Amino acid sequence: MKKYLNLFDFKQKVDYKTEVLSGLTVALALIPEAVAFALIAGLSPLTGLYAAFVVGLVTSILGGRPGMISGATGAVAVVIVALAISHGPEYIFATVVLAGIIQMLAGFLRLGKLMRLVPHPVIFGFVNGLAIIIFMSQLDQFKDSSGNWLSGQALYTILGLVVLTMLIIWGLPKLTKAIPASLIAILAVFGIVVAFGIDTKTVGDIASIQGGFPPFHIPNVPLNFETLALIFPYAAIMAGVGLIESLLTLNIIDEITETRGRGNKEAVAQGAANILSGVFSGMGGCAMLGQSLINISSGARARLSGIVAAVALLIFVMFGAGLIEQLPMAALTGLMMMVAIGTFEWASIKTFNKMPKSDIFVMVVVTLVTVVLHNLALAVIVGVIIAALVFAWDNAKRIRARKSVDEHGIKHYEIYGPLFFGSVTAFNEKFDILNDPDEVIIDFKESRVVDMSAIEALNKITERYLKVGKKVHLRHLSTDCQKLLQNADRIIDVNVIEDPTYKVAVDKV
């Protein structure tokens, strides 16, 4: 039955049954992921489970994107593994707290809007790379404890169960959406394994998840500059990785649900979650695209599903470990493979011939960096840099100059396109200084002086005309530009009435 709920400032329609069932499904999927990521980071499984509970609960309550799931992630694990091996878990907890403080500052300073600078090809590459990572990580379930591929009966058993799980998740929504297909698939495969006594790998074969309530624990590290110097680089990278992954996930969920989340609020919530995770013996984390897509595809749209997932996870750890450890990994593997297939932006493949080559290149590079290095933040940064350089190159070629001579013998240069560091060379080539008449007008009505490189180009061109004794009028420059031009008082005449008021990109004006 659908009701209305005003939960933590979000007035939205909530289907309680869908939210609760979806949260339970997510909780089951979180367990092997949290355990695996903790082991990757060189920590005990419980540090990952505690992080999944604390981070998931706090972000579900305070975050800027209802329905998004956060927890322990591989991106964070990769960042902190070196510190964990060299200095142990206490330094990890301190690093997580510091990373949370950095993230909260980013949210308070409203840096979430910087995600607007991430172009769509970068998002496509990020999503596709993450989908490939999720899919490839599931292949480990087809290997034995020695790392060798399974064969014979063991291989056929897990393969059959994985395929059955995927078929249920794919086919059941075509019949009914009353209950999340992912949950039905997990329970059905679990029932078959128990009923027929099938010997297959279970959650308990990875690690025990038995534990209590996350213990409150102030990180036991020396409070001095040496400690800060050691953990700050890790904390800064972790904060950046967490924010990038969280805000990109937020944008993706926004597109799917056709609603709008709040990036800065999510950054503050992620920071608060990591601070609490660090003092409650957790490894920290951020948004999880895979689990978020499970939640959204199950029909969840409110905060309740995330809260249920976090609380259910803690209940499993405290009271239901014995039962959860019997869940077949094949069911969870099939679930995550379907998540990977659903995550991949297949539309990006179909539009290869329609997209600009530069966009295709950016998308492919981001995908490869994500897959090869497993560093999502680096992949996004590389993609943004390449996209920015391509944008600068394209705009550098767009500057034009329409030339004409009026009835008074004055030559006019009407400039079109932005004048910035990339276009100054082409701009300088537009002028025929030696053959121009004694009086020249350079009109910037259809142009814009963007940066200090452009200002320097104007200084140079006016200086060159001055050397040959010719007069220059620069029209439609902002007051800001006039102040920055060294030769303004000597040779520049401007149209004050129609001058624009934009600012040039400099440190100080």
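Asp-140 and Lys-143 are joined through their side chains by a salt bridge, with an N to O distance of 3.9 Å. The term salt bridge is used for a side-chain nitrogen of Lys or Arg within 4 Å of a carboxyl oxygen of Asp or Glu. Asp-140 counts as partly exposed because its relative accessibility is 44%, and Lys-143 counts as partly exposed at 23%. On this scale, buried means under 20% relative accessible area, exposed means over 50%, and partly exposed lies in between (1.4 Å probe, protein chains only).

The model is predicted: local features need pLDDT of at least 70, side-chain atom pairs count only at pLDDT 80 or more, and totals for chains, interfaces and linings use all residues. Residues are numbered from 1 along each chain as its sequence is written, and side-chain values use heavy atoms, with hydrogens and water left out.

The structure holds four salt bridges. One of them pairs Arg-65 with Asp-254, whose closest N and O atoms are 2.5 Å apart. This pair links distant parts of the chain, 189 residues apart: Arg-65 is in the loop between helix H2 (45-62) and strand E3 (70-71), while Asp-254 is in helix H9 (residues 225-257). Helices (H or I, at least four residues) and strands (E, at least two) are DSSP runs, numbered from the N terminus. Arg-65 and Asp-254 are both buried.

Glu-456 and Lys-460 are both part of helix H19 (residues 452-467), four residues apart, or about one turn of the helix. Their closest N and O atoms are 3.7 Å apart. Glu-456 has 34% relative accessibility and therefore counts as partly exposed; Lys-460, at 43%, also counts as partly exposed.
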